[in-house]
Amino acid sequence: LQYADGPAGPRLAQLEALAAIVRAYDAQLPLREEEWRVLPTLIASRIAMSLTIGAFSSSKDPDNEYLKLTLRPGWEALKQLRATPAAALEAALRRTS
């Protein structure tokens with residue numbers, strides 16, 4: 001997600017990549033309405049959890065550069081998700097094309 005880029009710019013490309021993943025999942029195991037409603041919060045929560053674990057791991061091994069690779073793009077992805085209203089993000093994820 002955070003490494004996606006395209007002609008429309010990084011933010012739009014990230015949303016398109018995220019939407020493609022969600023649509024592929026939904027095609028195999030359709031989401032219920034209540035799952036669609038909470039999906040934006042669940043996505044942001046998963047990124048926040050990854051950031052927390054990454055920061056903790058990095059604090060235990062500060063010389064390990066590998067542990068820091070996803071922190072900056074992860075924070076950017078989280079900021080972008082939180083800056084998008086949940087209803088707008090849900091609508092974007094639901095679009096079929």
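A residue is called buried when its relative accessible area is under 20%. In this predicted model, the chain comprises four helices and zero strands, and 27% of its 97 residues count as buried. From the N terminus on, the order of elements is α-α-α-α.

**Confidence**
- The mean pLDDT of the chain is 83, and 86% of the residues reach at least 70.
- Among the elements, helix α2 (residues 33-60) has the highest mean pLDDT, 92, whereas helix α1 (residues 10-28) has the lowest, 83.
- Residues 1-10 have a pLDDT below 50, although this stretch makes 19 contacts in the model beyond near neighbours in sequence.

**Helix α3 (residues 71-83)**
- The buried residues of α3 are L71, P73, G74, A77, L78 and L81.
- Viewed down the axis of α3, these buried residues lie within an arc of 165 degrees, so they line one face of the helix.
- R72, K79 and A83 are exposed on the other side of α3.
- At 1.5 Å a residue, the 13 residues of α3 should span 18 Å, which agrees with the 18 Å between its end C-alpha atoms.

**Helix α4 (residues 86-94)**
- In α4, the buried residues are L89, E90, A92 and L93.
- The buried residues of α4 fall within an arc of 165 degrees as seen down its axis, and therefore line one face of the helix.

**Contacts and surface**
- Of the contacts between residues at least 6 apart in sequence, 64% join residues at least 24 apart.
- The chain exposes about 6700 Å², of which carbon and sulfur atoms supply 60%.

Key. Residues numbered from 1 in each chain as written. Predicted model: local features only at pLDDT ≥ 70, side-chain atom pairs only at ≥ 80, totals over all residues. Heavy atoms only, no water. pLDDT = per-residue confidence, 0-100. Helix = DSSP H or I, 4+ residues; strand = E, 2+ residues; numbered from the N terminus. Contact = heavy atoms within 4.5 Å. Buried < 20%, exposed > 50% of the residue type's maximum accessible area, 1.4 Å probe, protein only. Arc of directions from axis to C-beta. Expected span 1.5 Å × (residues − 1). Areas by Shrake-Rupley, 256 points an atom, 1.4 Å probe, with all protein chains shown as cover.
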